[in-house]
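User: Hi! I am new to protein models and would like to learn how to read one. Could you take me through it step by step?

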Amino acid sequence: MKIINLIFIGILGWATVFAVNAAPSKCSKANLTRCLDSACAINIGMNPSARCQYCGTSSAGTPPTQKGLTNVTAGQSTKYALTAQELKAAPSDPGKRYVWATTECVKKLPDCTPDDVSNAYDKLIEQSCRAAGVSINSAGTMTSINSAPSKTKCNETLSICINKKCGASFNSCQQDSDFDKFISECAVDATGCDEYVAAFRAQTATERKNAYERRENELQAVVKRIQSDRTDALAAARAECADDAKYKSCVTNMCESHMANKCTGTIEKSMAELLCKYYKTACTALK
């Protein structure tokens with residue numbers, strides 16, 4: 001083969017590689033945006049904050065839920081848009097909804113990638129967030145906005161909430177209905193923590209049960225201690241009543257301390273016995 005032909009083949013090969021590498025993406029930004037809007041831009045004509053509320057951050061507030069809301073693709077072909085039936089599976093948490101919409105739209109447009117989603121849509125979400133009064137500094141911020149909180153952070157948030165509502169010893173959650181209601185309220189406030197709520201509820205329910213059992217055990221221990229003290233006191237009192245010992249001791253003390261003649265006379269002795277008679281009455285009741 002001639003040298004000139006080898007050179008030509010080499011040049012052609014490099015040109016082919018360059019052409020492949022330089023080939024533009026086949027992903028249609030318009031169709032991709034249409035698909036993402038069907039999940040994230042519901043009623044955006046009346047609510048400029050929609051993209052931020054649905055697929056941005058919960059800091060932008062909760063999107064309206066009135067009947068009759070429409071997305072920007074209403075009436076258009078569903079080839080590149082998510083249907084109402086498909087949207088029933090969309091998460092309500094903005095971060096999870098963004099990830100879900102990305103997954104579903106990439107399925108509908110196989111030529112597109114998650115990077116195409118970020119390039120085509122993050123700016124639109126940022127603009128919507130600015131309309132909602134939420135400050136976003138750069139395109140990369142969407143990644144941090146949509147990252148779900150950790151299990152540790154979720155449990156911390158849920159614990160603070162349930163402790164505030166139930167009290168440290170669950171005093172305000174003695175009714176199961178109250179406990180269930182407060183758990184639900186705390187779950188709503190803990191944005192992005194849906195997957196950890198069930199485990200947190202089970203753990204907290206166990207802690208609540210243990211707290212009530214400890215309280216009951218402590219109460220029973222107090223009752224037993226009081227009963228024991230009463231039994232011991234009664235036994236001691238009966239022992240002092242044996243052979244009228246307590247009565248006789250009272251009479252002797254009364255004579256020695258309060259009678260001028262130490263009960264040498266019958267009058268003083270009778271007075272001392274009368275003053276100490278309540279011991280006889282009490283001892284009779286203890287028999």
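Analyst: Happy to! Let us begin with contacts: a contact means heavy atoms within 4.5 Å. In the protein chain, 63% of the contacts with a separation of 6 or more join residues 24 or more positions apart. This is a predicted model, where local features need pLDDT of at least 70, side-chain atom pairs count only at pLDDT 80 or more, and totals for chains, interfaces and linings use all residues. Residues are numbered from 1 along each chain as its sequence is written, and side-chain values use heavy atoms, with hydrogens and water left out.

User: What is the mean pLDDT of the protein chain?

Analyst: pLDDT is the predictor's confidence in each residue, from 0 to 100. Here the mean is 79, and 81% of the residues reach 70 or more. Where pLDDT is low, the predicted coordinates should not be read in detail. Over residues 1-23 the pLDDT stays under 50, and the model has two contacts beyond four places in sequence for them. Residues 137-146 are also below 50 in pLDDT, with 20 contacts beyond near neighbours in sequence.

User: How many helices and strands does the protein chain have?

Analyst: Helices (H or I, at least four residues) and strands (E, at least two) are DSSP runs, numbered from the N terminus. This chain has 13 helices and zero strands. Among its elements, helix H1 (residues 3-22) has the lowest mean pLDDT, 38, while helix H2 (residues 29-40) has the highest, 92.

User: At what angle do H9 and H10 pack?

Analyst: Two packed helices are described by the angle between their axes and the distance between the axes. The axes are lines fitted to C-alpha atoms, for helices over the stretch in contact, and angles run from 0 to 180 degrees between N-to-C directions. Helix H9 (residues 176-189) and helix H10 (residues 194-241) pack at about 145°, with axes 11 Å apart. Residues in this contact include Phe-179 and Ile-183 in H9, and Val-197 and Phe-200 in H10.

User: Is Phe-170 buried or exposed?

Analyst: Buried means under 20% relative accessible area, exposed over 50%, and partly exposed in between (1.4 Å probe, protein chains only). Phe-170 has 5% relative accessibility, so it counts as buried. Phe-170 sits in the loop between helix H8 (151-166) and H9, and has a positive phi of about 60° although it is not a glycine.

User: Where is Lys-262 found?

Analyst: Lys-262 is in the loop between helix H11 (245-258) and helix H12 (266-275). Its phi is near 60°, a positive value in a residue other than glycine. With a relative accessible area of 42%, Lys-262 is partly exposed.
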